[in-house]
Each structure stands twice: as structure tokens, then as C-alpha cells.
Amino acid sequence: MRKIRNFALIGAAGALALAGCSTGTSDQSTDQSADQSTSQSDAAASGETVTLTVGASPSPHAVILQYVQDNLAADAGLDLKIVEYTDYVQPNEALAAGDLDANYFQTIPYLEEESEARGYDFVAGEGIHLEPLAIYSDKIESLDDLPEGAKIGIINDPTNQGRALALLAENGLVELPASGDVNVNTVTKKKDFTFVETEGAQLGRSLADVDIAVINGNFAQEAGLAPADSLAIESTENNPALNVLVWAKGSPKEDSIKKLDELLHSPEVAEFIQQQWPDGSVIPAA
């Protein structure tokens, strides 16, 4: 039987490249934007249905949003158009470009890191759910069995990599630096192994190519993995990795977006999450 151990999450940060600046708009465009903003606000105030285009990871985020659309949105005057993304970069770029009204895929630490690097001016709601990050393997039954010269799969984006390294540190595989950035180049290895950095979505698919892999919850789900399959898993206690709904500051649809945020925190959604993922791979925040 594989052994599961919890840990208290250690904060981590990383550097990301700066994004380019957008150009200005004409007076005509500004007037049109103002008219559109007024129209959207009037629609919300009059009780008409407001359409929200929301970007999300396929699972569990898009699944949860689809439940809201099918069961709760109409009564709240909302119609959700769900756009799925399989990476962690495009949803924020699309939100900044105005292609989305909101997105639902990320944590506060990741949002803060991205905002600092790329100049985003976004607003986040409260935590909705947690997808516990865990260590998986197709080759060993315990971390004590990790062989010399092992390969460890790890996500390549800085914020989530720091979170993964914290789990490895809790399980005695690395030592985190006392200060500064936490990444594969700044930790001290306590055993003989090699990191294999890859896109998060590829970690589950390439599990057979490494000895162990630290996989984010949504990517583990997509690969058919569950916490019960893991060798170690993070704790939910005091965990900043709760996923949140995010939107642009000053959005003309802010009132409607806040309605959606309320629905995502409703008892109905919490119950749906528990029923949809009884294995604990997704846990409601409250």
C-alpha cells in the first residue's frame, strides 16, 4: 500500500518575463467602450441576462463552471460561455486583452507573480477549492525506494515549481534555500537524482519516463491519477494554493462577475465538488 504524508506548504516565488505594453485607443473607440460599459451595467440592473465569457482549465474548473451554468446561472441572470485552456499563461493574457470577462484556474501566489511580471491589474475573489499537489510514481511504492540516479519530473513554471519543491523538501529529498528564489537551481539535493522540467500538462502523460513526478491536482486528474495513488500529498491547512475567480479591475461586468463568484462559493457548488470528486482530488474551500 502506498504511503501518503501531508505537509504544511512553504511559500515560494519565481521570476517571469515581462509582457509588452498595449497601444492607446482613439476618442471614437473610447466613446464606444463607454457606451458598451453603460449598456452592460444597465442590462445587469434591469434584471436581464448577462453573458460572461470565462476562461478555465478543463478539469476541475470548467466542470465546476458547467455545473453552475446548468443549475444556478439562469436564476442569477447569468449565461456562461466557458473557454478551456490547457496552460497557465493564455488565460491571463486573454483576460488582459479583453477576450475574457474572468478566468478560473489559478492561485493567489501565481496571480501575484504574473501580475508583477506582466503588469496585470486584476481582482481576485476568495478561495473556491484546492487541488492537492502530490507525488506520483509508476515505478516505486514508497519514496524510501527512490533509486540512486533517479529522475524526478517537476513543473517548469516558477510559482508551481516552488510549491512542488516545498513538498519534496518536506519529504527529505531537497533542502530549500534560506532566502531568495526557490527553484531547481537553488535547492540542495539530499539524494542523487536529476530533475526533469516539463509543462504541467505533460507530467502525468510522461510519468512512465521518470521515477517520480510532482503533479498539480488538475493535471493529475487529466492523467487519471488520484490522491489515493500518491506517495505524498500536501495539506489543506493554511494553504495559499486555493483556486480563485479572477477578473480585470474596473470591469463593466463586475457586478455580474461577483454574482458568479458568489455562486462558486455556494453550498450547492461545495456539495457538487464533494460528489464529483469523492477521492479528495478536489476539495471545496468551505
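Guide: Let us begin with Asn92, which lies in helix 3 (residues 90-97), where a helix is a DSSP run of H or I with at least four residues, a strand is a run of E with at least two, and both are numbered from the N terminus. This is a predicted model, in which local features need pLDDT of at least 70 and side-chain atom pairs count only at pLDDT 80 or more, while totals for chains, interfaces and linings use all residues. Residues are numbered from 1 along each chain as its sequence is written, and side-chain values use heavy atoms, with hydrogens and water left out.

Visitor: Why is Asn92 called buried?

Guide: Buried means under 20% relative accessible area, exposed means over 50%, and partly exposed is in between, using a 1.4 Å probe and protein chains only. Asn92 has a relative accessible area of 0%, so it is buried. Contact means heavy atoms within 4.5 Å, and, not counting residues up to four places away in sequence, Asn92 touches Asn103, Phe105, Gln106, Tyr110, Glu114, Tyr120 and Phe122.

Visitor: What makes Asn171 count as buried, and where is Asn171 placed?

Guide: Asn171 is in the loop between helix 5 (158-170) and strand 8 (174-175). Its relative accessibility is 12%, and therefore Asn171 counts as buried.

Visitor: Why does Thr194 count as partly exposed?

Guide: Thr194, in strand 10 (residues 193-198), has 44% relative accessibility, which is why it counts as partly exposed. Leaving aside residues up to four places away in sequence, Thr194 touches Ala150, Lys151, Ile152 and Lys189.

Visitor: What makes Phe193 and Phe195 an edge-to-face aromatic pair?

Guide: Rings of Phe, Tyr and Trp (its six-membered ring) pair if their centres lie within 6.5 Å, and planes under 30 degrees apart count as stacked, over 60 as edge-to-face and the rest as tilted. By this rule there are eight aromatic pairs. In the pair of Phe193 and Phe195, the distance is 5.0 Å centre to centre and the angle between the planes is 85°, which is edge-to-face. Phe193 and Phe195 are both buried.

Visitor: Why is the pair of Phe272 and Trp277 called edge-to-face?

Guide: The ring centres of Phe272 and Trp277 are 6.1 Å apart and their planes stand at 80°, so this pair is edge-to-face. Phe272 and Trp277 are both buried. Elsewhere, ring pairs link Tyr88, Phe105, Tyr110 and Phe219 into a cluster.

Visitor: How do you know that Lys189 lies over the face of Phe193?

Guide: A charge sits over a ring if NZ of Lys or CZ of Arg is within 6 Å of the ring centre and within 35 degrees of the ring normal. Lys189 lies over the face of Phe193, at 5.2 Å from the ring centre.

Visitor: What makes helix 2 roughly perpendicular to helix 8?

Guide: Helix 2 (residues 58-71) and helix 8 (residues 254-264) pack at an angle of about 105°, with their axes 11 Å apart. Axes are lines fitted to C-alpha atoms, for helices over the stretch in contact, and angles run from 0 to 180 degrees between N-to-C directions. Angles under 35 degrees count as roughly parallel, over 145 as roughly antiparallel, 65 to 115 as roughly perpendicular and the rest as oblique, so helix 2 is roughly perpendicular to helix 8. In this packing, Ile64, Leu65 and Val68 in helix 2 meet Leu260, Leu263 and Leu264 in helix 8.
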